[in-house]
Amino acid sequence: MSSAVQAYTDHRVYLKGGFMRIHIWTASIGAGHNEAARVLQQEWRTQGHTAEIYYPLETGPHLFFKLGKNGYKLLVTWFPSLWRHLSEKKLPVQSAVPPGGWWPETIRTALDADAVVSVHPILTALAASAKGKCPNIKLFHAATDYWHVPAANLPEVDGVFLPKQVGTDHPASPVMPFGIPAYFQKSPFSKKECCLANGWDPEKPLILMSGGGEGPFPYQKLLRATRNLHPLCTIVLCSGKWKEPRRMVMEGHDVFLYPWRKEFKNYLQICDVLVTKAGGMTLTEAFLYETPVVITAPLPGQEEKNARYALCRQAARQGNCPDTVWKHVSTLLQSPFERERMKRRQKRLQQPDSVKRITQTVCRVVTASGASAPYIPQVQEQRQAESAQAGFFQEAETSLTKE
């Protein structure tokens with residue numbers, strides 16, 4: 001087949017919905033949003049579509065994003081009640097208007113797709129406000145927490161993906177209970193192999209601790225209270241707060257401090273107990289790997305709701321002070337029965353096919369509605385030219401067939 005006919009065939013497949021351009025909006029405010037964007041991108045690319053990740057807030061003026069991020073940290077640290085109030089309101093987020101200096105370049109480029117999928121509620125509200133200039137585009141919100149954030153409950157959103165047990169009052173758009181986008185990825189190493197590779201004692205119970213890099217997490221208080229932890233354990237801390245690995249001994253326990261590592265999922269599969277602050281993605285992965293969880297110091301607003309979700313279903317325990325945390329951990333370590341009960345409850349919350357169902361649903365909705373008109377005029381002209389060229393290729397294909 002000639003290159004001209006092949007080019008026309010590829011173009012015809014695209015028009016039929018075989019290949020789509022999907023833009024995933026995320027923000028580096030917590031690692032969970034970026035991880036959700038990454039797994040969605042990977043799945044769409046596996047299906048043969050074009051999927052790109054965009055950071056609309058971060059690709060604008062750096063000072064604006066930095067001020068916003070520092071403001072968020074200030075609120076959750078020193079004014080938690082105010083942040084709880086703001087997180088449950090729709091107006092403060094929707095009324096925020098981005099600076100005109102980066103609106104045309106960043107937002108217009110990020111909107112030039114067949115579908116936009118946002119994994120952050122603020123970005124969903126931002127995309128919804130910009131959708132008026134590009135009404136044909138399909139906009140979706142994929143939750144990374146166990147509640148429907150009011151900021152993302154907007155009529156401009158064509159679909160919201162939530163965990164199956166999470167409901168919402170008066171939804172403004174269709175709600176699809178497919179789960180938080182996370183998938184099970186089996187570790188290639190056994191627990192003993194992983195321990196030996198990292199210099200950990202494979203005979204000791206392994207405690208994994210993750211408090212993220214945003215807002216406060218009582219690492220030091222928890223470590224000072226390890227006298228209440230029995231038996232002697234290996235404690236592994238993964239956080240963006242650490243710049244380089246460290247090793248120390250606290251009350252006879254081996255403690256390893258690591259910067260954030262891509263091997264975190266491997267550690268999650270082999271650890272005996274996870275101590276965390278209830279990030280939505282971390283809890284989802286813990287449920288998938290059936291890792292016993294003890295929650296402490298959840299951030300106000302979204303993480304408090306995540307913790308409440310897990311506690312109400314008895315899929316985790318919570319300690320409000322370091323001594324209580326280690327007592328819960330000790331109980332789980334010394335009682336295989338309690339660990340198995342928690343794992344059984346976590347299994348009920350699993351949605352291992354969430355990524356596949358989300359990606360396939362987005363493609364079906366876009367295909368059913370027809371390809372959306374691109375936002376950038378130059379791209380419109382380019383597609384018109386491609387359409388005319390496709391007509392030429394069709395004539396060439398007909399001619400070759402007759403010959």
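How many of the five residues of strand β7 are buried? Here are some notes on this predicted model, with that point taken up at the start.

1. **Strand β7.** Five of the five residues in β7, which spans residues 206-210, are buried, so the strand is largely enclosed by the rest of the structure. Leu206, Leu208 and Ser210 point one way from β7, while Ile207 and Met209 point the other way.

2. **The partners of β7.** This strand pairs with β8 in the parallel sense, over five bridges.

3. **A cis peptide bond.** Do have a look at the bond from His230 to Pro231: it is cis, with omega near -5 degrees. Pro231 is in the loop between α9 (219-224) and β8 (234-238).

4. **Ala278.** This residue is not a glycine, yet it has a positive phi of about 75 degrees. You will find Ala278 in the loop between β11 (273-276) and α11 (280-289). Its relative accessible area is 0%, so Ala278 counts as buried.

5. **Gln314.** Here is another residue to check: Gln314 has a positive phi of about 55 degrees, although it is not a glycine. Gln314 sits in the loop between α12 (302-312) and β13 (317-318). With a relative accessibility of 43%, Gln314 counts as partly exposed.

Conventions:
Residues are numbered from 1 along each chain as its sequence is written. This is a predicted model: local features need pLDDT of at least 70, side-chain atom pairs count only at pLDDT 80 or more; totals for chains, interfaces and linings use all residues. Side-chain values use heavy atoms; hydrogens and water are left out. Helices (H or I, at least four residues) and strands (E, at least two) are DSSP runs, numbered from the N terminus. Buried means under 20% relative accessible area, exposed over 50%, partly exposed in between (1.4 Å probe, protein chains only). Two strands pair if DSSP finds at least two bridges between them.
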